[in-house]
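Subject: Structure handover and notes

Hello,

Here is the structure we discussed, with my notes below it. Please read them alongside the coordinates.

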Amino acid sequence: SFILLKSPKTYSSVCILQLFLVSMAFVYFAKAFGGAYMKSSITQIERRFDIPSSLIGVIDGSFEMGNLLVVAFVSYFGAKLHRPRLIGMGVLIMATGCFLTALPHFFQGPYKYETSMSHSTGSNDSVRILPCLSKHNVTDTDETPDHEALKACEKAAGSSMWIYVFLGNMLRGIGETPIMPLGVSYLDDFSAPENTAFYLSCIHTVGILGPMVGFMLGSFLAKVYVDVGFVDLEAITITHKDSRWVGAWWLGFIITGIVMLMSSIPFWFFPKSLPKQRSKEEEETNTELDTVAEQENFIPEQEPNHEEQEKDVSLVELAKDFIPSLKRLFSSSIYSMLILTYLVAVNGFIGMITFKPKYMEQVFGQAASRAIFFIGALNLPAVALGIITGGFLLKHFKWGSVGAARMAIAATCGSFCLLFCQIFIYCDNAEVAGLTVSYQGVPQVSYNKETLVSQCNMGCSCSLKHWDPVCAHNGVTYASPCLAGCQSTTGTSKNMVFNNCTCVGETMTPAVNMSTVLGQCPRDSNCDSSFKIYMALSVIGSFISAVGGTPGYIVLLRSIAPDLKSLALGMQTLIVRTLGGIPPPIYFGALIDQTCLKWGTKQCGGRGACRLYDSNAFRMRFMGLVLGLYFLSNSLWGVLYFKIVKREKKLALRNQAKEEKEEANGAANRATNGHATICVAECPEDKNRESTI
């Protein structure tokens, strides 16, 4: 294939365009693979670096920050330069960003999870001690180290290593910039007009396999311990279902970096331009008038010396035309309304997809790996099917701008209705003594440090900072063995059992015995049924929403002039990713942080990642914000549809008047001495050159 690309004159342009289509599909797969894996690793990164959801939102938004730095220049100047090679260069930068993201793992020491049990030196092996520390006091266990000790501890623990993840994700954003605007415009410029929608559907359908594989890889690695190969896994006392567990997040970024390196290779061998494909009607008629009509509506084929003329254009001349081109672009009210509509919709989508695994964990009690698996195995295939269905319907029915807009509106309204139903599907809060229920088993609406202390554990003088949950046989979870009032232990590692727990006997539904086991209690059986209903609604909604994706994109492409296509797509990427990609993870994360009931404690002291949320407050705030954004987006689509219909009516009347005028002129010419005038040129300066028959 590389030999073929090096000698484009020997082979047909159709074959080269098809190879470019395959390469674009592969690079879409690679970039979506990396982006989806980043989303699936959000929880693992949050736990590994002990940071809140608002800060993880900043890290996630750094991808769009990278886009913001270069997207306007790449989209405008890139359209005048060698587009395929710019795409290849961008993918190399993305691969570098993936490797940089994985780098902190090799600089940090072994992960030491938060526990009320002490760690032996250099490993996670727990020392067996009595949980109820009757000879210690609260001030001893909760005291804060001095400033010098804290500084030394933070340096040893590598608490600022998340900056590497931030910078690596930003590099991914910079490298991803040229792929969409330059790749799509390259395809649209040199393909037949009726094939554009189908080509885009093929690219996005193959591209959607990337998120599927990314989420599946994230699900698998979430079950693999972060320091696998470096520590004794038998000594680890937590499982992948625990909120303190950290999977091998770093390994996935190395894999995605290798895939991106492979996908960049073909783009270095494609030509700068190709002859434009003819439509079926042009091939059948093959008349000169059809060629003129083609040149009026689409980009003309390049002459042999066109590329040489294009090389002579300096960057200074291109820069002078930048501001006028922007004015022309945003003078279109339909384009501006489309950007606003996409902006609102992307805010809701990015916020939802970033924290959807956490939502499934907290509201339905699913493990992080299982939540990621369901998104990759159910939601994303539905999205792929929806995208290809939307492209097929457009190609089959040959809908124009109005038909595509009508289809997009129907899809967004249908998905909104299903999303609205999801807010009523939920599970009750997990029963955690002192947090969601009292030690007597009564639900409580307020929480403070005093609620964690009861008569049953008053004599233990437990630390109130640690989160080391244990589960009693009555289904109630306790924040630590000490707070459960446990007096003795048996067993080792994950099989450790805490006996004679005085607080277990105080509940309204006493347990069969007074023992507890490591880990948080699972939700009741009714929660599984609710989760199945939620997933069914989510999958159907994902399919319906994706059906409207390609039609919406076609509306965007058909609302701009051909020479502004690359700039329009680039500005859409700039605006939507700047205001729709950076803020949502931050304000969604800050909103979610407000629902936290129990914060973890960092290795060096201070507040770490959240261990337990109020699931009811989480659901209402999270879903309420998503629904509000999608409702506004649907309203804007309605306004946009009426604008498109109005424009199409004006164009139809204008064309009808033009045809009537041409018919009248033709009849008048035939009536005068049997002569007719034929205009043979389209340029204004050539309109006076006529020949008579």
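A salt bridge here is a side-chain nitrogen of Lys or Arg within 4 Å of a carboxyl oxygen of Asp or Glu. The model is predicted, so local features need pLDDT of at least 70 and side-chain atom pairs count only at pLDDT 80 or more, while totals for chains, interfaces and linings use all residues. Residues are numbered from 1 along each chain as its sequence is written, and side-chain values use heavy atoms, with hydrogens and water left out.

Salt bridges

A search of the whole structure finds eight salt bridges. In one of them the side chains of R244 and D242 meet at 2.9 Å, N to O. R244 is buried at 2% relative accessibility, and D242 is buried at 8%. Buried means under 20% relative accessible area, exposed means over 50%, and partly exposed lies in between (1.4 Å probe, protein chains only).

R244 also forms a salt bridge with D468, again given as 2.9 Å, N to O. R244 sits in the loop between α11 (196-222) and α12 (249-264), and D468 in the loop between α20 (401-422) and β1, so this pair ties together parts that are 224 residues apart in sequence. D468 is buried, as is R244. Through shared partners, D242, R244 and D468 are joined into one network of salt bridges. For the element names, helices (H or I, at least four residues) and strands (E, at least two) are DSSP runs numbered from the N terminus.

Another salt bridge links the side chains of E361 and R47, at 3.2 Å, N to O. E361 belongs to helix α18 (residues 333-364) and R47 to helix α3 (residues 42-48), so the contact ties together parts that are 314 residues apart in sequence. E361 and R47 are both buried.

Strands

Two strands count as paired if DSSP finds at least two bridges between them. Five strands make an open sheet with the order β2-β1-β5-β4-β3 and antiparallel pairing. The edges are β2 (477-478) and β3 (488-490), each with a single partner strand, so one side of each has no neighbour in the sheet. Strand β1 (residues 470-472) pairs with β2 in the antiparallel sense over two bridges, and C471 stands opposite T477 of β2.

Strand β6 (residues 596-601) is mostly covered, with six of its six residues buried. Four bridges join β6 to the antiparallel strand β7 (residues 607-613). Y613 in β7 is the bridge partner of C596.

Surface patches

Which residues form the negative surface patch? They are D428, E431, D524 and D528. Of these, D528 lies in helix α21 (residues 525-547) and is partly exposed, with a relative accessible area of 42%. Asp and Glu count as negative and Lys and Arg as positive, while His and the chain ends are not counted. The place of a charge is taken as NZ of Lys, CZ of Arg, CG of Asp or CD of Glu.

Patch residues have over 30% relative accessible area and no salt bridge; like charges are joined within 9 Å, and nonpolar side chains (Val, Leu, Ile, Met, Phe, Trp, Tyr) within 5 Å. Accessible areas come from the Shrake-Rupley method with a 1.4 Å probe, and for residues only the protein chains shown count as cover.

A nonpolar surface patch of about 600 Å² is made by M89, L92, F99, I258, L261, M262 and W268. The elements giving two or more residues to this patch are α5 (83-102) and α12. M89 is located in helix α5 and is partly exposed at 43% relative accessibility.

Backbone and loops

Most residues other than glycine have a negative phi. D50, which is not glycine, has a positive phi near 50°. D50 is in the loop between α3 and α4 (53-78) and is buried, with a relative accessible area of 13%. N500 likewise has a positive phi, near 55°. N500 is in the loop between β4 (497-499) and β5 (516-518) and is partly exposed at 48% relative accessibility.

S559 lies in the loop between α22 (549-557) and α23 (565-581) and is buried, with a relative accessible area of 10%. S559 and S333 are 226 residues apart in sequence, and their C-alpha atoms are 9.6 Å apart in space.

Regards
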